[in-house]
Amino acid sequence: MNTIIFEEIKSLLQKGLSERGHAFRFCTVATIDTNLRPQQRTMVLREVTDTLALVLYTDARSNKLKEISATPNISVLFYDPIHQIQISISGLAEILTPETLAERWHKVQQGTSINDYCTTQAPGTSIENPTDVAYNYDQPHFAAIRVLPTTIEYLRLNQSGHTKIKYSLEENYWKSSFLVP
């Protein structure tokens, strides 16, 4: 396995968590809806484990949770336009159990994101005016998704030649192969 680039991937994802304004703080998450159509949305990366599992927060009433329950296949895309690095992670998503959410919810309550999980109406509900959004802080709708990667593709664009490599998780080991960019 090519460990140098793999370690770079880990480092970049960790920087998405720790460095304010880092390009990997936000990612595009794709799921499959019940009509087998891809659905994409931008989400905030909240955690990265040593095994590169990703954790993302969401409203428990969001469509993405229904989509993941029906089809757990997921894709997460990161792109840094300054360094021209793209990381695409595919794998399986799981909805974290309420027992694992208490500490995470405590961190959200200390930040500015609490409104994201306390609207009285579900995300995507039609309203007349943006000021019509109401909140109920006594009944949060907080959920979290863990993405368990099975493949990771890294692409670095460079005038002297692009580099693309694919990592595949096989029998609990990451195997790598270079790809034509």
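Predicted model: local features only at pLDDT ≥ 70, side-chain atom pairs only at ≥ 80, totals over all residues.
Residues are numbered from 1 along each chain as its sequence is written, and side-chain values use heavy atoms, without hydrogens and water. Local features need pLDDT of at least 70 and side-chain atom pairs count only at pLDDT 80 or more, whereas totals for chains, interfaces and linings use all residues.

**Exercise 1.** Determine how many salt bridges the model has, and classify the burial of Asp33 and Arg37.

*Solution.* Begin with the criterion, a side-chain nitrogen of Lys or Arg within 4 Å of a carboxyl oxygen of Asp or Glu; by this rule the count comes to 10 salt bridges. One of them joins Asp33 to Arg37, with the closest N and O atoms 3.1 Å apart. Next, apply the burial classes (buried under 20% relative accessible area, exposed over 50%, partly exposed in between, with a 1.4 Å probe and protein chains only). Asp33 is buried because its relative accessibility is 8%, while Arg37, at 45%, is partly exposed.

**Exercise 2.** Decide whether Asp59 and Arg61 are buried or exposed.

*Solution.* The side chains of Asp59 and Arg61 form a salt bridge at 2.9 Å, N to O, and both residues are buried.

**Exercise 3.** Describe the largest nonpolar core and the contacts of Ile152.

*Solution.* A nonpolar core is a set of buried Ala, Val, Leu, Ile, Met, Phe, Trp, Tyr and Cys residues joined through side-chain atoms within 4.5 Å. The largest has 31 residues, and Ile152 is among those with the most contacts inside it. Counting contact as heavy atoms within 4.5 Å, and leaving aside neighbours within four places in sequence, Ile152 touches residues including Phe6, Leu52, Ile89 and Trp174. A second, separate core of 10 residues includes Val55 and Trp105.
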